[in-house]
Number of protein chains: 2
Amino acid sequence: MVYKMRVLILGADGYLGWPTCMYFSKRGHEVIGVDNYFRRMACIELNCEPLINNPNLVERAGIWEEVTGRKIHVHIGDVTDYQFLKSVFEEYKPDAVIHYAEQPSAPYSMIDRDKAAITITNNLISTLNVAYAVKEVNPSCHIIKIGTMGEYGTPNIDIPEGWIEIEYNGRKDKFLFSRQASSLYHTTKIQDTDLLWFYVRTWGIRVTDLMQGPVYGISTEEADIDGRLMPNFNYDEIFGTVLNRLVVQAVAGYPLTVYGRGGQTRGYINIRDTLACVYLAAENPPKEGELRIFNQITETFTVNELAKRVKKVGEKLGYDVKINHIENPRKEAEEHYYNPKYTGLIELGLNPHHLTEEILIGMFKIVEKYKENIHPHKIFRGIKW
Amino acid sequence: MVYKMRVLILGADGYLGWPTCMYFSKRGHEVIGVDNYFRRMACIELNCEPLINNPNLVERAGIWEEVTGRKIHVHIGDVTDYQFLKSVFEEYKPDAVIHYAEQPSAPYSMIDRDKAAITITNNLISTLNVAYAVKEVNPSCHIIKIGTMGEYGTPNIDIPEGWIEIEYNGRKDKFLFSRQASSLYHTTKIQDTDLLWFYVRTWGIRVTDLMQGPVYGISTEEADIDGRLMPNFNYDEIFGTVLNRLVVQAVAGYPLTVYGRGGQTRGYINIRDTLACVYLAAENPPKEGELRIFNQITETFTVNELAKRVKKVGEKLGYDVKINHIENPRKEAEEHYYNPKYTGLIELGLNPHHLTEEILIGMFKIVEKYKENIHPHKIFRGIKW
């Protein structure tokens, strides 16, 4: 089989990882998926298993091949183990590596000192290893990293796409836009950016950093082929993203958990658009020695707006949906200015799926199918900042 | 004995750590020194032992007590081991903790992937542990951390003391000044700043971050009391700081190693002023919830200026001193704008020792005493960026 590109996906078993594997495989690329099952183990440890009990990565790849005839290579191992990662690079010499292999939860990172240390070590050593493997094995390989809009925090000025020119005392220079996050997890993503920016300048590697907002959505075009190919879908406070959680809460008859006043504004993105963005980045690599940054969101909402939309759609579908403003367990501004720019990916060709009533109804319909798997006591435990 | 303050010094066996222990002890404070001997072991591993073969930390504390009657408590252990660090906090409940327990060498961090990983893990987990120990045991404890001017890099605009107000599209906000370092080690110090700034905002702890330039000097007031109390003094490329190295090179008849064109400008500080700065910070703590940043330098020089001064003094003392512009092993600007502000510590009361001919002669005189310990092959090995 003649492949277009060889793509290594780290964190291939995750919410975004598995759908990304299928998306690239479907489009004629050779896909190598790596995962250490950290997320699966953490969900058991913390008693917050996802809504849908998905097969493991080896099984998923088998089902994908059975259904489509396309092979996804799978290696189970830890990206923080450099010899392991290097051996995968040596075996495949990928054209692009998509780095999702991070501890992705803000509340997880705030539970205690040990979870904070796991988050720092996992996220920074995995990123360091990716940079070293690229430099030592395959220097032209394009690193695509998922960053987060949370790196910027909620500044009182507009948020550009990664960079800002500063004029100070009559002189000018260009810098990374100042970052100031509101969880330890988000802080490790700032540190990732620092790390990659250093190696980009020093070694001339090429990196795309996608500053993503909270993702929502339960299925993708490829997952729709077969129920066994569905993405992981967490509805708990630790690993669930906000809109996904609110939909499950509505179906479960659990009052929607809005933290504090609910004026927290963020940029959101549909999981289908995440796949398209990562794909666009891979198809259009930056030049060597460039750190290219895109803000990967398609629209902004307050939590109150999301809750109202979920309530409206839920009531249309016959649910009695209540909104509960609970005491905010986090330290964050509950009303603030928020004006990020996000035109770079549109210019590359992204055609966004905005959050319509139809999309919300689609999410409700899938959650309803798995309704018996919802354990209301797993929804909220109040991890404090 | 009635002590003024109880001060925990992490990295107490280091170039700055041990002189800091004596400085605070002499001034009536109770001092607890912690070290894991990382630096001693690394110097053996990398074949770059210091000029003076100093007694270990337990012995140093014994000599100090013998000479002055003042006790310094010593605990040998690793600050990245949280249970160990927490037990020290619980035993002493310090008023201030001075965090020097980091891997401090830029070339070390660039040797290979494993040394980079050690630098990241050691520096970030030690800082995380300090923040957690303060929060869990003693929340009002003042954290004094040694940062580095290298965090700022060499921007084309003036460098303020840590913070900058940015006006953008007609709105304003205040941010950490954008950081962009030129080694992995210096990048971990940026990451430290990110980490502490997050916990300052989240937990309301109090932190002073001292952005220090390269330190020079061989002795201090307290070390002058007894030769066995001398600071560590590295003259190699890995752990030696630039002016210290140049003086040893002059005494050894080794042509002064200037990297590239030598226009690299940095802010410098005498080790005696480092002690005074840290002491001023400890005596004047910031309020809770404040990250206070000072640029801890007293004057700026190019490497060429340092080499010329060393040559001039060396020749006055009868040495034949040559300057050798070797190929720069680092990736850095060799000519650049550099205008940092450094008035904060002066305003707190610092009375700087500038780099005079007399001070340079003093350094030569001490190095001459230990001349037989200089191994010229340990001076330069060319670790590449």
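Guide: First, a definition: helices are DSSP runs of H or I with at least four residues, numbered from the N terminus. A:Asn244 is found in one of them, helix α8 of chain A. Keep in mind that this is a predicted model.

Visitor: Is A:Asn244 buried or exposed?
Guide: The cut-off for buried is 20 or more other C-beta atoms within 10 Å. A:Asn244 has 23 C-beta neighbours inside 10 Å, so it counts as buried.

Visitor: Which residues is A:Asn244 in contact with, leaving aside its neighbours within four places in sequence?
Guide: A:Asn244 sits in α8 of chain A. Leaving aside neighbours within four places in sequence, its contacts are A:Tyr216, A:Phe233 and A:Tyr235.

Visitor: How many of the 11 residues of helix α8 of chain A are buried?
Guide: The buried set includes A:Val242, A:Asn244 and A:Arg245. Helix α8 (residues 242–252) is largely enclosed by the rest of the structure, because the buried residues number 10 of the 11.

Visitor: What do the buried residues of α8(A) pack against?
Guide: Among these buried residues are A:Leu246, A:Val247 and A:Val248. Their packing partners are in chain A: β9 (215–216), β10, β11, α10 (303–316) and α12 (357–369).

Visitor: Which residue takes a positive phi just after α8(A)?
Guide: The angle is about 70°. The residue is A:Gly253.

Visitor: Where is A:Gly262, and is it buried or exposed?
Guide: A:Gly262 lies in the loop between β10 (256–259) and β11 (265–270) of chain A. The cut-off for buried is 20 or more other C-beta atoms within 10 Å. A:Gly262 has 20, so it is buried.

Visitor: Which residues does A:Gly262 touch, not counting residues up to four places away in sequence?
Guide: A:Gly262 is in a loop of chain A. With those sequence neighbours left out, A:Gly262 touches A:Thr302, A:Val303, A:Asn304, A:Ala307 and A:His325.

Visitor: Why do the buried residues of α4(A) line one face of the helix?
Guide: Helix α4 (residues 82–92) of chain A has the buried residues A:Tyr82, A:Leu85, A:Val88 and A:Phe89. They line one face because, seen down the axis of α4(A), they fall within an arc of 130°.

Visitor: Which residues are exposed on the other side of α4(A)?
Guide: The buried side holds A:Leu85 and A:Phe89, among others. On the other side, the exposed residues are A:Gln83 and A:Glu90.

Visitor: What covers the buried residues of α4(A)?
Guide: The cover draws on both chains. From chain A it includes β1 (6–10), β2 (30–35), β3 (72–76) and α6 (113–137). From chain B it includes α6.

Visitor: Which residues touch the most other members of the largest nonpolar core?
Guide: In soluble globular proteins, nonpolar side chains tend to be buried together. Here the largest nonpolar core has 234 residues. A:Ile9 touches A:Val31, A:Ile32 and A:Ile98, among others. The residues that touch the most other members are A:Ile9 and B:Ile9.

Visitor: How compact is chain A?
Guide: Chain A has 12 helices and 14 strands. The globule rule gives 21 Å for its 385 residues, and its radius of gyration is close to that, so chain A is as compact as a globular protein of that length, at 20 Å.

Visitor: How many residues of chain B take part in the contact, and which element supplies the largest share?
Guide: The contact takes 36 residues from chain B and 36 residues from chain A. On the side of chain B that touches chain A, α6, β6 (163–168), β7 (171–176) and α7 (184–203) each supply at least two residues. That side divides into 21 nonpolar, eight polar and seven charged residues. The largest share, nine residues of the 36, comes from α6(B).

Conventions: Residues are numbered from 1 along each chain as its sequence is written. Chains are lettered from A and ligands numbered from 1 in the order in which they are written. This is a predicted model: local features need pLDDT of at least 70, side-chain atom pairs count only at pLDDT 80 or more; totals for chains, interfaces and linings use all residues. Two residues are in contact if their C-beta atoms, placed from the backbone, lie within 7 Å. Ala, Val, Leu, Ile, Met, Phe, Trp, Tyr, Cys and Pro count as nonpolar, Asp, Glu, Lys and Arg as charged, and the others, Gly among them, as polar. A nonpolar core is a set of buried Ala, Val, Leu, Ile, Met, Phe, Trp, Tyr and Cys residues joined through C-beta atoms within 7 Å. A residue is buried if 20 or more other C-beta atoms lie within 10 Å of its own, exposed if 12 or fewer, and partly exposed in between; C-beta atoms are placed from the backbone. The arc is that of the directions from the helix axis to the C-beta atoms. The radius of gyration is taken over C-alpha atoms; the globule rule is 2.2 Å times the number of residues to the power 0.38.
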